[in-house]
Amino acid sequence: MMTSSSKTMRTTAKVVAVVLGASIFLSACQTTSTTRADGTPLTPAEMRMREQAATYNQTIAEGAAVGCLVGGGLGLLLGGGKSLQNAAVGCAIGLGVGAGAGAYVADKQEKYANKEDQLEAMTADVQADNERLAGLIDSVRQVIAEDTARIDQLERQLAAGKISMDQAKSQMASVDANQKYLDQTIASLNERYQTYQEAAQQVAAKGGTSRSQTREMEKEMAQLESQIAQLESERDSLAQRRSVSRIG
């Protein structure tokens, strides 16, 4: 016979899974703009970069907001005579769950009964991210090549008196937008890496996983870390070129 405590735990696990699902849904609903803030069209490489990076660019705040809503709803549902108080507590818990590894682990626990299957599913997720990230790095390199050429051209035009400094700064805004977008993507990737790392540690700490599975996860995590470092290096090369430009 199921006790009240076990019923609450099962309900909580399901709600946490809903938190994660809602976060993923919101991320999927994000659309990639085809133009910059000034209305000029993105290049094909810039479009590819944004489309490929969209998977990684759901912010922690968005996930946390969903967690608060669902956690607050759970507090109202289970609150009895203290519904409002428990809703506030549920929101606070939901903020933490929606923002980190807790939601991710809860989702795997909901879908897979044993630790081996949970870790295997996590490893598959990291592997998929690694495959996508390889394509993103290629696109970023193309964008940086375009931006470097754009900076060179603007400096030549400015030196020749063909454009004013204000015009050069206006056109340079597209380079700055790309660098800002890369900063955001790298920050999101580092958060994702941290989530995977914490989630894997939580599952492994409870036992029930083999050493070979752990090694496979470690291998994928090392590759993810390496690819993030590559992306950071590409971003830094653009930042360096931009910093020495006479166009402020």
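Trainee: Helices here are DSSP runs of H or I with at least four residues, numbered from the N terminus. So in what order do the elements of the protein chain run from the N terminus on?

Mentor: The order is α-α-α-α-α-α-α-α. The protein chain has eight helices and zero strands. Please keep in mind that this is a predicted model.

Trainee: How much of the protein chain counts as buried?

Mentor: Of its 248 residues, 40% count as buried. Among the contacts with a separation of 6 or more, 78% join residues 24 or more positions apart.

Trainee: Which residues of helix α2 are buried?

Mentor: Helix α2 covers residues 44-53, and its buried residues are Ala-45, Glu-46, Met-47, Met-49, Arg-50 and Ala-53.

Trainee: And what covers them?

Mentor: The cover includes α6, residues 115-159, and α7, residues 165-205.

Trainee: Moving to the largest nonpolar core, which residues touch the most other members?

Mentor: They are Met-122, Leu-133, Leu-136, Met-217 and Leu-231, out of 39 residues in that core. Two or more residues of this core come from each of α2, α5 (101-111), α6, α7 and α8 (211-243).

Trainee: What does Leu-136 touch?

Mentor: Leaving aside residues up to four places away in sequence, Leu-136 touches Met-49, Gln-52, Ala-53, Tyr-56, Thr-185 and Leu-231.

Trainee: New topic: where is Gln-213, and is Gln-213 buried or exposed?

Mentor: Gln-213 is in helix α8. Its relative accessibility is 16%, and buried means under 20%, so Gln-213 counts as buried.

Trainee: Which backbone oxygen does its side chain reach?

Mentor: The side chain of Gln-213 reaches the backbone oxygen of Glu-116, at 2.9 Å. Apart from residues up to four places away in sequence, Gln-213 touches Glu-116, Leu-119 and Glu-120.

Trainee: One more thing: how is a pair of packed helices described?

Mentor: Such a pair is described by the angle between the two axes and the distance between them. For α5 and α7, the angle is about 50° and the axes are 9 Å apart.

Trainee: Which residues make the contact?

Mentor: From α5 they are Ala-101, Tyr-104 and Val-105, and from α7 they are Thr-195, Tyr-196, Glu-198, Ala-199 and Gln-202.

Notes:
Residues are numbered from 1 along each chain as its sequence is written. This is a predicted model: local features need pLDDT of at least 70, side-chain atom pairs count only at pLDDT 80 or more; totals for chains, interfaces and linings use all residues. Side-chain values use heavy atoms; hydrogens and water are left out. Buried means under 20% relative accessible area, exposed over 50%, partly exposed in between (1.4 Å probe, protein chains only). Contact means heavy atoms within 4.5 Å. A nonpolar core is a set of buried Ala, Val, Leu, Ile, Met, Phe, Trp, Tyr and Cys residues joined through side-chain atoms within 4.5 Å. A polar contact is a pair of N or O atoms within 3.5 Å; within protein, one must be able to donate a hydrogen and the other to accept it, and residues adjacent in sequence count only if both atoms are side-chain atoms. Axes are lines fitted to C-alpha atoms, for helices over the stretch in contact, and angles run from 0 to 180 degrees between N-to-C directions.
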